[in-house]
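Work through the exercises below with the sequence and the model at hand. Each task is followed by its solution.

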Amino acid sequence: MNLKPLTINGKVVKFPIIQGGMGIRISLNKLTSACMNSGIVATISAAQPGFLRKNFRKDPIGENKKALKEEIEKARANSKNGILGVNLMHAGTNFPDYASFLAQQDIDFIVSGAGLPLDLPEYLVGSNVKGAFIISSGRAARILLRSWDRRYQYMPAFIVCEGPLAGGHLGFSKEQMATGDYESLAKIVKDTREVVKAYEEKYNIKIPIIAGGGVHDGHDMADMIKVGADGVQIATRFIATYECDVNESYKQMIIDSKEEDIVTVKSPAGLPGRAINNFLTKTLEKHNLKLNYCVNCLRTCKKRDIPYCITEQLGNSTSGDKSGLIFTGAKAYLVEKMDYVENIVNEIIRECRRDLKLSGGLV
Ligand SMILES: Cc1cc2nc3c(=O)[nH]c(=O)nc-3n(C[C@H](O)[C@H](O)[C@H](O)COP(=O)(O)O)c2cc1C
């Protein structure tokens, strides 16, 4: 058992950790450059990065693209050789437009979840940017690999297996979340490992499998390496960092949260999400929230009779409004203080190496 460096798109990072993309405006240039400079892979979220720009409500796509370009340029200026990607949700409107735009930017990968990104390789033809996907079952991995193989003869740069403890939208139904009738992250990793084998042989490549959702410390990371993951994706743990781009009040809510404060919440995307219990989640027990505007963000949103507008409520909360939607992973309650990204990464790697009984120190 070993901890191997992670290779993506011909570049290598020392520690096999990917910082997961977090919208709206949580993982932008500051968090991502700190992550790259700490030896891990970084992901900007393409979920409404233009939210605070003046023209956002009039021209969300144009403002989001300008914001993405700026964030990528700033992140690159601070860490020239790091591995940088963008998370683009497949459930978002204008997926082809954003994917084609991102394929021309100075990034290493586009990673796509929240739906099955069957068409992603189409927008990457002739680009140096590689495609990757996020799934919550071995079955979904099989469907995507078969489709990418048949339609494009294209394989993902890596696969993120996202389990039931993740933050943001969850790849499980409301009923599964309520009854606990879902597969564990370890099972999803093992199933995906089986599915990937044939394609690794066919293309004579290695497809790294990354486990995400509830990986808080090095012990969680070691557990995932033991079941066959090549690395882990971590998001929530990086929110309460000095470098994270989100408003300070959001960071404090993560630090202050207790286990009983973390709840599942319905989302206009039709998927359950995980959030901190507050005004929004309590109000939803009685009635839906008023919608003030619509920027047509999600293909899967009905736009009428929905619980709330996700762009408005998540954008407000990440900009400092404590009563909006506070997306989080299940283990936020274990975050106890603000810290620097580098300290967190080094601590996780030390704990993981100790659990895997590896001698000598990478850190
Ligand atoms: C606040 C927050 C926002 C997130 N936003 C997105 C997003 O915009 N797109 C996406 O695909 N995943 C999103 N995620 C999921 C993360 O990228 C990651 O895969 C997952 O949260 C990992 O679990 P962890 O938070 O327990 O480490 C978000 C997670 C959190 C906590």
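**Exercise 1.** Which residues of α1 are buried?

Solution. The model is predicted. Step 1: locate helix α1, which spans residues 29-37. Step 2: apply the cut-off, by which a residue is buried if 20 or more other C-beta atoms lie within 10 Å of its own. Step 3: list the residues that pass, namely Asn29, Leu31, Thr32, Ser33, Ala34, Cys35 and Met36. With 7 of its 9 residues buried, α1 is mostly covered.

**Exercise 2.** Find what the buried residues of α1 pack against, and what follows the helix.

Solution. Step 1: the partners include the strands β3 (17-19), β4 (42-45) and β5 (84-87). Step 2: the helices α2 (60-78) and α11 (341-355) are also packed against by the buried residues of α1. Step 3: after α1 comes Gly39, which has a positive phi, near 90 degrees.

**Exercise 3.** Describe how the two domains meet.

Solution. Step 1: assign the bounds; domain 1 is 6-245 + 337-355, and domain 2 is 251-318. Step 3: count the contacts; 22 residues of domain 1 touch 22 residues of domain 2. Step 4: on the domain 1 side, β9 (168-169) and α5 (174-179) each contribute at least two residues. Step 5: sort that side by type, which gives 12 nonpolar, 6 polar and 4 charged residues.

**Exercise 4.** How many residues surround the ligand, and which are the closest?

Solution. Step 1: the ligand is surrounded by 30 residues. Step 2: the closest are Gly20, Gly23, Gly167, Gly168 and Gly329. Step 3: by type, the shell holds 12 nonpolar, 15 polar and 3 charged residues.

Definitions and conventions. Residues are numbered from 1 along each chain as its sequence is written. This is a predicted model: local features need pLDDT of at least 70, side-chain atom pairs count only at pLDDT 80 or more; totals for chains, interfaces and linings use all residues. Domain bounds come from an automatic or database domain assignment. Two residues are in contact if their C-beta atoms, placed from the backbone, lie within 7 Å. Helices (H or I, at least four residues) and strands (E, at least two) are DSSP runs, numbered from the N terminus. Ala, Val, Leu, Ile, Met, Phe, Trp, Tyr, Cys and Pro count as nonpolar, Asp, Glu, Lys and Arg as charged, and the others, Gly among them, as polar. A residue is buried if 20 or more other C-beta atoms lie within 10 Å of its own, exposed if 12 or fewer, and partly exposed in between; C-beta atoms are placed from the backbone. A residue is near a molecule or strand if its C-beta atom, placed from the backbone, lies within 6 Å of it.
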